[in-house]
Amino acid sequence: MTSVFPLLAQARHLPLIAILRGLKPEEALDIGQALFEAGFRTLEVPLNRPGAIECIAALAGGLGADALIGGGTMLTVAHVNAVHAAGGRLMVSPNCEPAVIRRAVGLGMLAAPGVATPTEAFAALAAGAHALKLFPAESLGHGGLKALKSVVPTGTDLWPVGGITPESIGPWVKAGATGFGIGSQLYAPGVTAAQVHERASAYVQAWQATKA
């Protein structure tokens, strides 16, 4: 590749994706600002909880162009359309559904579908995926990541999701991870903005330590 999709280049500056499952619209901007202040720039709100689209709209409108906001658990073309209409520019899913990937790519969104096998990985890339979410990371393990990395095109972004802690980031990077999705270890309903900021800062420090 002679060039990188601009939204992927943006995500690569700090490829830590905050997965805000269960976020409420009334707290969305406070949580988003806490993450932003800690260094996070990529946030996803899974669609399998009430109020997700409203949260995406609040984050996209309140955090500005430096933040990459989108949806998770995006299973259908209708999900892609709804997230895009709310201002989302990121499509994340737990599975590989080529029609969903193609729609997101067609709308200019960053597409990061979930894969667990080489078959799914190549199907996702053929549909235009910009990055691959390795899910569930706990099941795949470092060995699964190394095996997948050995067959996908060089330079493919591989983002493990599931059970990622600040302490596990270093070993995952050594195995070939280029970014991470971080869920309940970072945010869960009832966690305050101050707590999110503290947790997010620990993840940012852990990532930066891998680059030192």
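The model is predicted: local features need pLDDT of at least 70, side-chain atom pairs count only at pLDDT 80 or more, and totals for chains, interfaces and linings use all residues. Residues are numbered from 1 along each chain as its sequence is written, and side-chain values use heavy atoms, with hydrogens and water left out.

Helices (H or I, at least four residues) and strands (E, at least two) are DSSP runs, numbered from the N terminus. Strands of a sheet pair through backbone hydrogen bonds, either parallel or antiparallel. Here, two strands count as paired if DSSP finds at least two bridges between them.

Strand β7 (residues 131-134) runs parallel to β6, and two bridges join them. Gly 114 has Lys 133 in β7 as its bridge partner.

The loop between β7 and α7 contains Pro 136. A cis peptide bond joins this proline to Phe 135, with omega at about -5°.

Strand β1 (residues 16-19) runs parallel to β2, and three bridges join the two. Ile 19 has Glu 44 in β2 as its bridge partner. Strand β2 (residues 42-46) is mostly covered, with five of its five residues buried. Buried means under 20% relative accessible area, exposed means over 50%, and partly exposed lies in between (1.4 Å probe, protein chains only). Both faces of β2 are covered. Thr 42, Glu 44 and Pro 46 are buried on one side, and Leu 43 and Val 45 on the other.

Two helix pairs were examined. The axes of α4 (77-85) and helix α5 (residues 98-106) come within 8 Å and cross at roughly 25°. The two helices are therefore roughly parallel to each other. Angles under 35 degrees count as roughly parallel, over 145 as roughly antiparallel, 65 to 115 as roughly perpendicular and the rest as oblique. The crossing of α4 and α5 is right-handed. A crossing is right-handed if the near helix is turned clockwise from the far one by less than a right angle, and left-handed if anticlockwise. Contact means heavy atoms within 4.5 Å. On the α4 side, Val 77, Val 80 and Asn 81 meet Ala 99, Val 100, Arg 103 and Ala 104 of α5.

Helix α2 (residues 25-38) and helix α9 (residues 193-211) form the other pair, with axes that come within 8 Å and cross at roughly 30°. That angle makes α2 roughly parallel to α9. Their crossing is right-handed. Residues of α2 that meet α9 include Asp 30, Ile 31 and Ala 34.

Side chains of opposite charge can pair when their charged atoms come close. One salt bridge is found in a search of the whole structure. The term requires a side-chain nitrogen of Lys or Arg within 4 Å of a carboxyl oxygen of Asp or Glu. Arg 12 forms a salt bridge with Asp 157, and the closest N and O atoms are 2.5 Å apart. The pair links distant parts of the chain, 145 residues apart. Arg 12 is in helix α1 (residues 6-12), while Asp 157 is in strand β8. Arg 12 counts as partly exposed because its relative accessibility is 33%. Asp 157 counts as buried, at 5%.

Asp 157 is also among the residues that His 130 touches. Others, not counting residues up to four places away in sequence, include Phe 5, Leu 8 and Val 105. His 130 lies in the loop between α6 (118-126) and β7. At 16% relative accessibility, His 130 counts as buried.

Thr 73 lies between β3 (68-72) and α4. Its phi is near 50°, a positive value in a residue other than glycine. Thr 73 counts as buried, at 15% relative accessibility. Gly 163 is in the loop between β8 and α8 (166-175). With a relative accessible area of 35%, Gly 163 is partly exposed. Gly 163 and Glu 138 are 25 residues apart in sequence and 6.5 Å apart in space, C-alpha to C-alpha.

Conventions
Axes fitted to C-alpha atoms, helices over the stretch in contact; angles between N-to-C directions.
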